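Subject: Structure handover

Hello,

Here is the structure we talked about. Please open it alongside this note, and then read on for what was found.

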Amino acid sequence: MTEQITIIGSGFAARQLVTNIRRQDKQVPIMLVAADSGNQYNKPDLSHVFSLKKSADDLTQMSAEQFAQDNNLKLQMNTRVTAIDRQLKQIICGEQTFNYQKLVLATGAQAIVPSIPGREYMVTFNSQQEYREHQSVLQKAQHILVLGGGLIGTELAMDLHRSGKQVVIIDKAHSLLASLMPAEISCRLQHKFSQMGIRIFLNNELVSIEKTDTELSVSLLDGHVIKVDAVIAAIGIQPDISLARVAQLKTGRGICVNRQLQTSDENIYALGDCAEIDGKVMPFLQPIQMSSLTLAKNLLGAAGSVVFPPMLLKVKTPELPLFLAGETQRDDLNWELSLSDQGIAARGFDSMKQLRAFIVSEQHTPKAFMMLCELTD
């Protein structure tokens, strides 16, 4: 009898896995268990919903029912898995139980909300459902504070501004995109934001939020008090490892897996934002695509290992586009900068003068693919 593949989750990772399995095997039984509606949407589109004036429903590309029909799978929508019984090989969904032979955890990640007074007034923006819950407030708001100057925060801030809203960014770091690149490179984006009228408070923290009849009063560590209509928490995401922990699987920041995407239980795998590979969580599309291809083969009997080449990351800030690749966060690199009115081209070399990373902006972005080949070589 062919072993059924059970997948918990309905996001990009789960859908990619289903698609890759079906390219190889049209008949192997698949069951997808989704805590939400399971509808398909493109998560990166969240970075542009305000400037494009899109509602949450506008993002839907395909219904869960259509996806299930097209891919010959059994679908359990709006079904939250509460526990995994590894001995009986069952997933427990309230009063329902389902048997599994091979189980994949594609549970994703949740937006981090700091524990401060008034945290209940912060909104998160990590999924179509979260946008649906908050879109009325966010669309009406004219003055919005974005907590976080990293990848998510900068993309959101620029899109909100492009839609005509007043925007403030708060971050603990001394520069924007601090986890991705040196300050001397990201300062160009900071300057662009300042030119656009986006207010930036770096090396600062949100202390509290108070609600009045008409607005939110936000207090910062340095004593500033800012009046806004909404606050978006964009300081990062936390892998959802709750099920794995209860099932006593090995976890770190994410659900620990080997290069075969296998957890500490040989019958359970993890994929996507929730998975931790070699101590790293990689919540980006390309590593998820590569991991899903390897896992699909392994679930069908192979024993391949996922290998990640240098991958290109695009910062979706249209007024100042940025591409980067390699170990840009290393603090021991010697950066060679080419700075002009056309943008930045930066190459990071190690002590052996080997190219380890690069960052390009604006009119230099067409060089990214050539430089990626150089980095790969």
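Which residues does I7 touch, not counting residues up to four places away in sequence? They are A14, L17, V18, I30, M31, L32, V33, V104 and A106. Keep in mind that this is a predicted model.

**The cores**

I7 also belongs to the largest nonpolar core, which has 49 residues. I7, L17, I84, I91, V104 and L105 touch the most other members there. Helix α1, residues 12–24, gives the most to this core, with 5 residues. A second, separate core has 44 residues. Y41, L160, A230 and L324 are included in it.

**Helix α1**

The end C-alpha atoms of α1 are 19 Å apart. That agrees with the 18 Å its 13 residues should span at 1.5 Å a residue. Its buried residues are A13, A14, R15, L17, V18, N20, I21 and R22. What do the buried residues of α1 pack against? The partners are β1, β2 (30–33), β3, α2 (64–70), β9 and α7.

**Helix α7**

Helix α7 covers residues 285–299, 15 residues in total. From first C-alpha to last it reaches 21 Å, close to the 21 Å expected at 1.5 Å a residue. Buried in α7 are P287, I288, S291, S292, T294, L295, A296, N298 and L299. The cover over these buried residues includes β1 (5–8), α1, β9 (102–105), β21 (268–270) and β22 (275–277). Just after α7, G301 takes a positive phi of about 120°.

Not counting residues up to four places away in sequence, S291 touches L261, L271, I277, V306 and F308. S291 and L271 are 20 residues apart along the chain, and their C-alpha atoms are separated by 7.0 Å.

**How the two helices meet**

α1 and α7 pack with their axes 8 Å apart, at an angle of about 40°. The two helices are therefore oblique to each other. The crossing of α1 past α7 is right-handed. On the α1 side, the residues that meet α7 are F12, A13, Q16, L17, N20, I21 and Q24. On the α7 side they are L285, I288, Q289, S292, L293, L295, A296, K297 and L299.

Is D57 buried or exposed? D57 is exposed, because its relative accessible area is 51% and exposed means over 50%. D57 sits in the loop between β3 (40–41) and β4 (60–62). Leaving aside neighbours within four places in sequence, D57 is in contact with Q128 and R132. D57 and Q128 are 71 residues apart in sequence. In space they are 8.1 Å apart, C-alpha to C-alpha.

E362 lies in the loop between β27 (355–361) and α8 (368–376). E362 is buried, with a relative accessible area of 18%, because the cut-off for buried is under 20%. Not counting residues up to four places away in sequence, E362 touches R188, L320, P321, D341, Q342, G343 and I344.

Best wishes

Definitions and conventions
Residues numbered from 1 in each chain as written. Predicted model: local features only at pLDDT ≥ 70, side-chain atom pairs only at ≥ 80, totals over all residues. Heavy atoms only, no water. Helix = DSSP H or I, 4+ residues; strand = E, 2+ residues; numbered from the N terminus. Buried < 20%, exposed > 50% of the residue type's maximum accessible area, 1.4 Å probe, protein only. Contact = heavy atoms within 4.5 Å. Core = buried A, V, L, I, M, F, W, Y, C linked by side-chain atoms within 4.5 Å. Expected span 1.5 Å × (residues − 1). Axes fitted to C-alpha atoms, helices over the stretch in contact; angles between N-to-C directions. Parallel < 35°, antiparallel > 145°, perpendicular 65-115°, else oblique. Left-handed = near helix turned anticlockwise from the far one by under 90°.
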